Amino acid sequence: MTLGSFGLRRRNYDFPPFRPPSEAESLLLYQGEHNFIILNAYPYTSGHAMIVPCQHTDELQKLESEAGTEMMALAQQMETVLRKLYKPDGVTRLPDEEAP
């Protein structure tokens, strides 16, 4: 099964196929040009994924526009995947802007 089989190809975003990962790779779902998607090692609930910008910044407003655009596209695609896989009643999106 691949995440691409959920019809998530949009622009140049193509999720890789699932495969048995090494321990270091096991939490990385996708590496984009400006962001990456990881699973939480100790999730509060199933499907807890995080979209992390490669650019280190303490405020969302400081993020380069290309990174913000890619982040939103990835969030939309992850929501689609989570809804198809888990069929939740809702999806929560929370920014984590803790100061470094």
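A residue is termed exposed when its relative accessible area is over 50%, buried when that area is under 20%, and partly exposed in between. By this criterion R93 is exposed, because its relative accessible area is 52%. The model under discussion is a predicted one.

Side chains of opposite charge can pair when their charged atoms come close. In this structure there are three salt bridges.

One of the salt bridges joins K62 to D58, with 2.9 Å between the closest N and O atoms. K62 counts as partly exposed, at 44% relative accessibility, and D58 likewise counts as partly exposed, at 31%.

A further salt bridge involves E79 and R83, whose closest N and O atoms lie 2.8 Å apart. Both residues belong to helix α1, which spans residues 65-86; because they are four residues apart in that helix, about one helical turn separates them. E79 has a relative accessibility of 23% and therefore counts as partly exposed. R83, with a relative accessible area of 33%, is also partly exposed.

Through salt bridges that share partners, E79, R83 and R93 are joined into one network.

Definitions and conventions:
Residues numbered from 1 in each chain as written. Predicted model: local features only at pLDDT ≥ 70, side-chain atom pairs only at ≥ 80, totals over all residues. Heavy atoms only, no water. Salt bridge = Lys/Arg side-chain N within 4 Å of Asp/Glu carboxyl O. Buried < 20%, exposed > 50% of the residue type's maximum accessible area, 1.4 Å probe, protein only. Helix = DSSP H or I, 4+ residues; strand = E, 2+ residues; numbered from the N terminus.
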